Amino acid sequence: MADIKNLTSGLAKNNPIFVQVLGMCPTLATTTNAKNGLGMGLAAAAVLVMSNIVISLIKKLVPDKIRIPVYIVVIASFVSMIDLLMHGYTYDLWKTLGLFIPLIVVNCIILGRAEAFASKNGVLDSIYDAIGMGLGFTAALVILGSVRELLGNGTIFNINIWGSGLKMYVFILPPGAFIALGLILATFNYIGIKKSKKAGAKK
């Protein structure tokens, strides 16, 4: 029976960005604002869910020696579909994200979940795992994009938050991505350590 923990694990406890520190290339490059983070996160999540389903279904049919090339072909097929859909329906976002949509093929989160989870578990569990990890990845990109956009431009999703009084343009640039991600990682881990200590004290 599917375990609901597979759905919630990727959101916080095993968040792919803030805990596992995976997929740093698109995380740092595409989060210049919240909208780009949301678009990239949803694209990767859609590929993750569809590839997990297919890989879970074909896991017993694929010889062990060629499983990784087969997984990459499956993932690349879904990335091509998402790339074409974004080109057709969200052209401005597709132009902004540019090279990073095809690079979802080699995103270590997606190939990692295929190898570590979908190839060893049933379809329903694999769907739960993919949705949890996909939403965790999307939430992390939106949070990082919002922080960078707010500090760099004073807006979130182009909604004016505090006007032009405080704009630190460096947060829109690559160095700002590292600074913002470092601050969020430190905060996330501090909260995790505090919760662990509190849980240990109760025992």
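Me: A nonpolar core is a set of buried Ala, Val, Leu, Ile, Met, Phe, Trp, Tyr and Cys residues joined through side-chain atoms within 4.5 Å, where buried means under 20% relative accessible area, exposed over 50% and partly exposed in between, with a 1.4 Å probe and protein chains only. Which residues have the most contacts inside the largest nonpolar core?

Reply: This is a predicted model in which local features need pLDDT of at least 70 and side-chain atom pairs count only at pLDDT 80 or more, while totals for chains, interfaces and linings use all residues. Residues are numbered from 1 along each chain as its sequence is written, and side-chain values use heavy atoms, with hydrogens and water left out. The largest nonpolar core of this model has 39 residues. The residues with the most contacts inside that core are V47 and I104.

Me: Which elements each supply at least two residues of this core?

Reply: Elements here are DSSP runs numbered from the N terminus, with helices (H or I) of at least four residues and strands (E) of at least two. For the core of 39 residues, the elements that each contribute at least two members are α3, α4 (67-89), α5 (91-97), α6, α7 and α8 (174-202).

Me: Which residues does I104 touch, not counting residues up to four places away in sequence?

Reply: I104 is named together with V47 as having the most contacts inside the largest nonpolar core, and V47 is itself one of the residues that I104 touches. Contact means heavy atoms within 4.5 Å. With residues up to four places away in sequence left out, the partners of I104 are M40, A43, A44, V47, I75, V79 and I110.

Me: What is the phi of F157, which is not a glycine?

Reply: Most residues other than glycine have a negative phi. F157 sits in the loop between β1 (155-156) and β2 (159-160), and F157 is partly exposed, with a relative accessible area of 38%. Although F157 is not a glycine, its phi is positive, at about 50 degrees.

Me: Is N158 buried or exposed?

Reply: N158 also lies in the loop between β1 and β2, and N158 has a positive phi of about 65 degrees without being a glycine. The relative accessibility of N158 is 65%, so N158 counts as exposed.

Me: Which residues is F157 in contact with, leaving aside its neighbours within four places in sequence?

Reply: D125 stands 32 residues from F157 along the chain, and the C-alpha atoms of these two residues are separated by 33 Å. The contacts of F157, once its neighbours within four places in sequence are set aside, are with A34, K35, L38, V142 and E149.

Me: What separates the C-alpha atoms of K167 and G154, 13 residues apart along the chain?

Reply: K167 belongs to the loop between β2 and α8 and is partly exposed at 44% relative accessibility. Outside the four places on either side in sequence, K167 touches L151, G152 and N153. From K167 to G154, the C-alpha separation is 6.1 Å.
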